Structures are given as C-alpha cells and as structure tokens.
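Visitor: I am new to this structure. Please show it to me and then take my questions.

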Amino acid sequence: MSFPTTRPATWFVTGTSRGLGLELVRILLERGDDVAATTRSTERLLAALGDRVDTSRLLPLAVDLRDAEAVTRAVQRTTERFGGLDVVVNNAGYGFLAAVEETGDREVRDMLDVQVVGVWNVLRATLPVLRGRGSGHVVNVSSVLGLTAVPGWALYCAGKFALEGLSEALAAEVADFGVRVTVVEPGYFRTDFLTADSLALPADTTDAYPAVRAMTADHLALQGSQLGDPVKGARAIVERVVHGGDGPLRLLLGSDAHAYATAKVDALRANLDAAAPTAGATDFPTS
Ligand SMILES: NC(=O)c1ccc[n+]([C@@H]2O[C@H](COP(=O)([O-])OP(=O)(O)OC[C@H]3O[C@@H](n4cnc5c(N)ncnc54)[C@H](OP(=O)(O)O)[C@@H]3O)[C@@H](O)[C@H]2O)c1
C-alpha cells in the first residue's frame with residue numbers, strides 16, 4: 001500500500017463539477033474518504049452532487065489552477081481541514097480541435113496553462129506534503145492522445161504529451177520518497193468532453209482543412225455514444241490506486257485506448273528497428 005487505508009484517505013482532485021472528476025468525487029465521498037475538490041464553480045459542483053451523497057467530508061474549492069498562489073492556498077486549506085493529504089488527482093482538462101496553423105497564440109497558451117502550468121502549480125504545492133509524510137499517490141489524467149497524435153488534435157496532444165513526460169520523470173524522482181505516480185490514459189468517455197460547452201474550437205479557420213471541419217462535426221455528433229463509462233473509469237482509478245496500492249505508471253482506460261496505444265507502440269517499434277543499423281553512425285568513435 002502506498003498510504004494507509006485503515007483511515008479515510010484524503011484526496012485533492014481538480015476539475016470536479018463535471019465528467020470524470022465529478023464521478024470520482026462522488027465515489028470517494030460514498031467510500032467515506034475526505035475530498036478537496038477544485039472547480040471553477042462550486043455552485044455547479046454542489047448542484048451536480050445534489051443530495052444523493054453525504055457532502056460532510058467534502059471541501060469544495062473555487063480555484064483558478066493557473067494561479068499558483070490560489071493553488072497553494074487551496075492545498076493549505078486542505079491540509080488544515082483534513083490534517084494531511086494522500087492522493088492528488090490532476091484531472092482538469094478540455095479538448096481543442098483545429099489544424100496546427102489555425103491555432104492562435106492565445107489558444108496555445110490557454111491550453112498549456114491548464115494542462116501543464118496548472119498541473120505544475122498543483123504539484124509544487126502538494127509534493128512537499130506527500131514527501132513529508134513519506135507516502136502518497138499522484139494521478140495525472142492524460143489521454144490516449146498523450147501517447148499517440150492524430151490530425152486536428154495537435155494542441156491537445158501537445159498538452160497531454162507534456163503531461164506524460166512530466167509524469168514519467170516525476171515518477172522516477174519521487175519513488176524513493178514513497179510517492180507513486182500514475183498517468184491515466186482514457187479513450188473516448190461519455191462525459192461532457194465532446195459537448196459544445198467543453199470542446200474548444202479555433203477563433204479563425206481556413207478552407208484548407210475540410211477534413212478537420214468534418215472531424216469536428218463527427219466528434220460533436222459522437223456525444224452520448226462514446227464507449228467509456230465515466231463511473232467505471234473513476235472506479236478503476238480508485239481501485240488501482242487505493243486497493244491495488246501499487247498503481248501502475250500508466251493506466252489505459254477503454255478498449256479503444258488500448259487499440260490506439262498498441263498501434264502506436266507497433267509503429268514506434270518498426271521505427272526503432274529501421275533506425276537500429278544507422279543510429280550509431282553519429283557517435284564519436286569509442287577509444
Ligand atoms: N472524455 C474523454 O473522452 C476523455 C478522453 C481522454 C482524456 N480525457 C481527460 O479526462 C479529464 C476529464 O475530462 P472529462 O472527460 O471529465 O471532461 P468534462 O466532462 O468536460 O470535464 C472536464 C473537467 O475539467 C475542468 N476544466 C475544463 N476546462 C477547464 C479550464 N479551462 N480550466 C480549468 N478546468 C477546466 C472542468 O472543471 P470545472 O468546470 O469544475 O472547473 C471539468 O469538470 C480531462 O483531463 C480530459 O482531457 C477525457
């Protein structure tokens with residue numbers, strides 16, 4: 001076990017008023033765990049939880065994840081209220097669908113602010129707590145698009161690939177402190193992710209990318225028929241982190257995610273094999 005489960009665990013979860021984050025909060029409260037839940041709207045979070053679950057162990061926190069000081073204050077409130085911290089889940093994120101050349105400077109910065117800078121703010125504020133306790137688990141919600149990239153999703157992939165690299169390095173850095181890291185890689189899940197409210201689109205488009213426009217329409221139409229069940233996804237995260245205790249570095253969720261990731265690994269393997277005879281040609285001669 002990476003942290004005691006004989007007492008309620010304390011979780012800090014970002015992006016919780018909808019989708020996977022909301023289901024995770026609901027499941028954790030039902031388990032009797034303590035949950036600090038960040039959101040841009042505590043009203044939306046509380047309304048979504050309704051009266052179906054006991055919220056006495058919930059600390060709803062209105063936080064702009066891009067604001068490092070606000071994140072630090074939220075983590076302080078969490079440890080003051082619950083006396084510690086066991087699991088950190090960086091879940092907040094959104095999709096963006098456009099060709100690379102259609103993606104504006106502001107759109108790039110906004111995405112990376114949420115998916116990279118925001119995660120970094122949370123890690124800077126929480127890692128000292130986990131390290132100090134000599135145990136804990138960081139769960140970073142990436143995507144199968146953090147492993148493989150497809151046209152139209154370049155900006156989203158850029159954010160998730162960054163999250164994958166950060167997570168892999170972090171896992172090796174903090175292992176000796178008793179802190180584990182798991183990167184979750186979902187396929188398509190039936191959350192609000194593909195709704196017009198969540199999926200961001202470019203301010204400017206060109207006529208040069210009809211395939212990207214068609215893909216945008218297809219994705220918006222996919223809403224409601226995605227393969228992945230967010231309740232099962234949230235449960236898988238809890239089970240692998242809490243019950244398994246040994247949460248793997250990568251947790252793929254969904255048979256679609258598994259198929260896409262396998263195709264990527266096969267292509268990468270073929271690339272590596274083809275490069276094997278020539279890769280050493282740029283080395284200095286060994287003495
Ligand atoms: N659903 C999928 O198909 C899928 C696939 C692969 C990966 N994912 C990843 O899974 C995570 C959860 O997404 P979801 O599927 O649950 O989607 P969702 O239903 O749209 O929920 C996304 C959550 O992220 C937060 N969020 C969105 N935009 C944000 C912003 N600009 N700043 C701060 N927070 C923001 C929201 O939090 P508040 O509104 O409460 O602030 C919301 O609760 C994301 O990281 C997403 O990239 C989803």
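**A tour by question**

Guide: An unreviewed UniProt entry annotates residues 9-178 as "domain: Ketoreductase"; UniProt positions follow the numbering used here, feature names are shortened, and annotations may be inferred rather than shown by experiment. This is a predicted model, in which local features need pLDDT of at least 70 and side-chain atom pairs count only at pLDDT 80 or more, while totals for chains, interfaces and linings use all residues. Residues are numbered from 1 along each chain as its sequence is written.

Visitor: Which residue of β2 is the bridge partner of Trp11?

Guide: Two strands pair if DSSP finds at least two bridges between them. β1 and β2 run parallel and are joined by four bridges. In β2, the partner of Trp11 is Val35.

Visitor: Are the residues Thr10, Trp11, Phe12 and Val13 of β1 buried or exposed?

Guide: A residue is buried if 20 or more other C-beta atoms, placed from the backbone, lie within 10 Å of its own, exposed if 12 or fewer, and partly exposed in between. In a regular strand the side chains alternate between the two faces of the sheet. In β1 (residues 10-13), Thr10 and Phe12 lie on one side, Trp11 and Val13 on the other, and all are buried.

Visitor: What is the handedness of the β-α-β unit made by β1, α1 and β2?

Guide: A crossover is right-handed if, with the strands pointing away from the viewer, the path from the first strand over the helix to the second runs clockwise. The unit of β1, α1 and β2 is right-handed.

Visitor: Why is α1 described as largely enclosed by the rest of the structure?

Guide: The buried residues of α1 include Gly19, Leu22 and Leu29. The helix is largely enclosed because, of its 13 residues, the number buried is ten.

Visitor: Which residue of β3 stands opposite Ala37?

Guide: β2 (residues 34-39) and β3 (residues 58-62) run parallel, joined by five bridges. Opposite Ala37 stands Pro60.

Note on methods
Helix = DSSP H or I, 4+ residues; strand = E, 2+ residues; numbered from the N terminus.
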